[in-house]
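Please keep the structure open beside them.

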Amino acid sequence: MTNVELMTRQEVEALLGMGRSTLYRLMRSGDFPLPIKIGPRSVRWRRSDVNDHLSACPLATGDLAATDADCQAQERADAASA
């Protein structure tokens with residue numbers, strides 16, 4: 001069986017540097033992966049899904065800012081998965 005690392009909402013928010021309402025807005029618009037249900041009132045995100053999402057974000061070049069707020073967390077995600 002493969003070992004899957006799961007993240008709480010608070011961990012996802014901290015990694016991305018955004019709040020709950022922004023995270024849920026991104027999920028509703030299809031711009032962030034949905035969590036998996038692990039209990040009647042509990043969900044978690046697969047770390048691999050979050051990292052895959054961040055890897056697909058465009059990189060900022062020169063003095064241009066990233067186009068999406070969640071993409072600014074790319075370096076933190078890379079460091080966390082190392």
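1. Strand E1 and strand E3 (residues 42–46) run antiparallel and are joined by two bridges, where strands (E, at least two residues) and helices (H or I, at least four residues) are DSSP runs numbered from the N terminus. Within this pairing, Met-7 has Trp-45 of E3 as its bridge partner.

2. The model is a predicted one, in which local features need pLDDT of at least 70 and side-chain atom pairs count only at pLDDT 80 or more, while totals for chains, interfaces and linings use all residues. Residues are numbered from 1 along each chain as its sequence is written, and side-chain values use heavy atoms, with hydrogens and water left out.

3. The open sheet has three strands in the order E1-E3-E2 with antiparallel pairing, two strands being paired if DSSP finds at least two bridges between them. Strand E1 (6–7) and strand E2 (36–39) are the edge strands, each pairing on one side only.

4. Which residues of helix H2 (residues 20–28) are buried? They are Leu-23, Leu-26 and Met-27, with buried meaning under 20% relative accessible area, exposed over 50%, and partly exposed in between (1.4 Å probe, protein chains only). These residues lie on the same side of H2, because they cover an arc of only 100 degrees around the axis, taken from the directions from the helix axis to the C-beta atoms. On the other side of H2, Ser-21 and Arg-28 are exposed.

5. The buried residues of H2 pack against helix H1 (9–16) and E3. Just after H2, Gly-30 takes a positive phi of about 80 degrees.

How values were computed
Contact = heavy atoms within 4.5 Å.
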